[in-house]
Amino acid sequence: MEGDDCSFPQDSSDDHSQRGSVASSATLSRAQDVLVYLCGDSAVHLSVEGLGSVTVQELGRSVREALHIPESAQDAFAFWLCSPLLDLQLKVKHQPYKLCRQWQDLLYRFTEASEEDISQDEPCLQYRRNVFYHKSKEFQIDDEGVLKLLYEEARSNILTGRYPCDPEHWMGLGALSLAIDEGTGLESQQLTSIIREKKLSSFLPAHVTMGSGGLLSTLRGKSSRQAGLEQNLLGEYRKISASAGNPPEPTQLLHQYLNTCHTLPYYGCAFFLGEIDKPGQGILQRGKRKAVNVGICLDGVYVMDVKEKHVLLGLRFSELSWDHSYPEEEGDSHILWLEFDGEEDGTPVNKLLKIYSKQAELMSGFIEFCVELKSASEGGAAAETDGEVSLSQQPAGQEGSNKNGRGGRRGMLHRQSSVVCSRVHSLNTISYVDNGKEIKRLKPKRAASFFTRQPSAATYSAVQVTESLEQG
């Protein structure tokens, strides 16, 4: 299965109350109105003839013309069918109207939604970032309109917590959003008025502005917490105003925002919903699961805690083997298996993480497609990239010694308290596999992997197992 056939569940926080972007009139040969939504609150209004057979490729020409997207950046975006239950990136040959007619079948196959929710769900057509567009290419984009589209999508992912990040990052990004939206020359009183009018949630992640704890602690601490966040946001804004040009070029701030997002290893990922087993904590905890987001991009796979907004496991493709399994009996789950190097009582072993999801097959196909695409596009450069220690698993003590690539620039993300670091110790993994006769430990460098699907032996580099790896 090709990667862009995959579908990606969407956060329930995304607002898709506006529906009907694809017309359902029986007279499809006549010109029909089509709304193509953009990230944010805007949409492109098109009049399309022969809607029943129009392809994504044909629609793309009309949208690019309407948005004045230069030819050099046309691959940066793709069409998606989106709803609160499912996201699906379309291929150029797909016909959106026909896929809309099959939407309920897709929901039954790839979601756990109830019949009632499925019957009421309706997708909208959206134009947003192509998951196969490598983020390195964004450095070459100078068109303000294109950068604004990428910025709006990145900001949405930051605010909804889909891109977990540390305080210094979400505060800096919030100040950049304030500068992009309102300019850099505002006084403190004006800024305070704007922040309170638009609310902090327009600039900072929802889980940050909402706080944590019970109702009483939330009510008691809300006022002081809001005031503190406002002051920190104003402080970051003043730094940006002082360092930027007067006035700064619009593209300067947009590039700065996107460049900060690029330091997050899961920027540009396609996201899937799944569940993993919680670690056992007595009889009452057995059988409980934790909701996770699984982000997959051209660089690797990232498993993130939906509730806590932090990374549980991050692996480059050279550090994992994978497979998926179908339910064997009624009531069983579809499973994506991730195998990676770990440690058990001081001995290197293979670890298996089970991700329960009806989209396991899609995730497996997506990983396979990304591995093939990465290998084909990067060639010899891939060997150098794969030889680097993973950002999410590099031992903390090696931060200063990593002089190559982007290690120095990303050093602040390596500390154990960062939301970007893996938390292998908190995962309920299997440290043994069945070789057909008995359960036994595997040899360290995965001489005999449990799976047949893994990158070629030439690109695999074993994770250097240290104590800090298990402590995440």
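R155 lies in helix α5, which comprises residues 144-159. The model described here is predicted. With a relative accessible area of 14%, R155 falls under the 20% cut-off and is therefore classed as buried. Its side chain makes a polar contact with the side chain of E152, at 3.3 Å. When neighbours within four places in sequence are left aside, R155 is in contact with S177, D181, S202 and Y257.

Helix α6 is formed by residues 167-182. From its first C-alpha to its last, this helix of 16 residues reaches 22 Å, close to the 22 Å expected at 1.5 Å a residue. Twelve of the 16 residues of α6 are buried, so the helix is largely enclosed by the rest of the structure. Among these buried residues are H169, W170, M171 and S177; S177 is also one of the residues in contact with R155. Just after α6, G183 takes a positive phi of about 95°.

Helix α1 consists of twelve residues, 56-67, which should span 16 Å at 1.5 Å a residue; the end C-alpha atoms are 16 Å apart, in agreement with this value. The buried residues of α1 are V56, L59, G60 and V63. They cover an arc of only 105° around the axis, which means that they lie on the same side of α1. An α-helix has 3.6 residues a turn, so residues three or four places apart point the same way. The cover over the buried residues of α1 includes strands β2 (32-38), β3 (43-48), β4 (77-82) and β6 (124-129), together with helix α2 (96-101). Just after α1, H68 takes a positive phi of about 60°.

Methods:
Residues numbered from 1 in each chain as written. Predicted model: local features only at pLDDT ≥ 70, side-chain atom pairs only at ≥ 80, totals over all residues. Heavy atoms only, no water. Helix = DSSP H or I, 4+ residues; strand = E, 2+ residues; numbered from the N terminus. Buried < 20%, exposed > 50% of the residue type's maximum accessible area, 1.4 Å probe, protein only. Polar contact = N/O pair within 3.5 Å; in protein donor to acceptor, adjacent residues only side chain to side chain. Contact = heavy atoms within 4.5 Å. Expected span 1.5 Å × (residues − 1). Arc of directions from axis to C-beta.
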